[in-house]
Amino acid sequence: MPLRGLDFHGSPLAIFEHAGERWVVMRPVVEGMGLSWGGQRDKLETNASRFSRTDIRTTGADGKQYEMTCIPLRRYPMWLAAINPAKISNPAKI
């Protein structure tokens, strides 16, 4: 399940394939937008079924195994729509 980049408005999304579906690693996305990871992690956990959030063990760029909070790529637009634009420090990132 190696990570690979997908261009999203000039910034790479870390995605990988797992169980026949493409998944987005959420922490780099959240932090890249200037949002609080803790707040968004809580939102993803509270709404786990809505966003199909799951923790998946995968190999990072350094070759080590990590548990990463992910959502399916197909749910990514729904998550973006749930973001309060006033909380984004760099709106150009989305």
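## Exercises: salt bridges and a helix face

The side chains of Glu 21 and Arg 74 join in a salt bridge, with N and O 2.4 Å apart. Keep in mind that you're working with a predicted model.

**Exercise 1.** Work out which parts of the chain the Glu 21 and Arg 74 pair ties together.

*Solution.* 
- Step 1: Check the pair. The N to O distance is 2.4 Å, and the cut-off for a salt bridge is 4 Å.
- Step 2: Look at accessibility. Glu 21 has a relative accessible area of 21%, which makes it partly exposed. Arg 74, at 52%, is exposed.

**Exercise 2.** Find out where Glu 31 and Arg 27 lie.

*Solution.* 
- Step 1: Confirm the contact. The closest N and O atoms of Glu 31 and Arg 27 are 2.9 Å apart, and the two form a salt bridge.
- Step 2: Locate them. Both belong to helix H1 (residues 26-32), four residues apart, or about one turn of the helix.
- Step 3: Recall the helix rule. An α-helix has 3.6 residues a turn, so residues three or four places apart point the same way.
- Step 4: Glu 31 is partly exposed at 40%, and Arg 27 is partly exposed at 43%.

**Exercise 3.** Say which strands the salt bridge between Glu 67 and Arg 57 connects.

*Solution.* 
- Step 1: Take the distance. For Glu 67 and Arg 57, the closest N and O atoms are 3.6 Å apart.
- Step 2: Assign the strands. Glu 67 is in strand E5 and Arg 57 is in strand E4 (residues 54-59), so this pair ties together parts that are 10 residues apart in sequence.
- Step 3: Check accessibility. Glu 67 is partly exposed at 48%, and so is Arg 57 at 47%.
- Step 4: Zoom out. A search of the whole structure turns up five salt bridges.

**Exercise 4.** Decide how the buried residues Trp 37, Gln 40 and Leu 44 are arranged around helix H2.

*Solution.* 
- Step 1: Name the helix. H2 covers residues 37-46, and Trp 37, Gln 40 and Leu 44 are buried there.
- Step 2: See what covers them. The list includes H1, helix H3 (48-51), E5 and H4.
- Step 3: Finish at the start of H2. There, a side-chain oxygen of Ser 36 comes within 3.4 Å of the backbone nitrogen of Gly 38.

How values were computed:
Residues numbered from 1 in each chain as written. Predicted model: local features only at pLDDT ≥ 70, side-chain atom pairs only at ≥ 80, totals over all residues. Heavy atoms only, no water. Helix = DSSP H or I, 4+ residues; strand = E, 2+ residues; numbered from the N terminus. Buried < 20%, exposed > 50% of the residue type's maximum accessible area, 1.4 Å probe, protein only. Arc of directions from axis to C-beta. Contact = heavy atoms within 4.5 Å. Polar contact = N/O pair within 3.5 Å; in protein donor to acceptor, adjacent residues only side chain to side chain.
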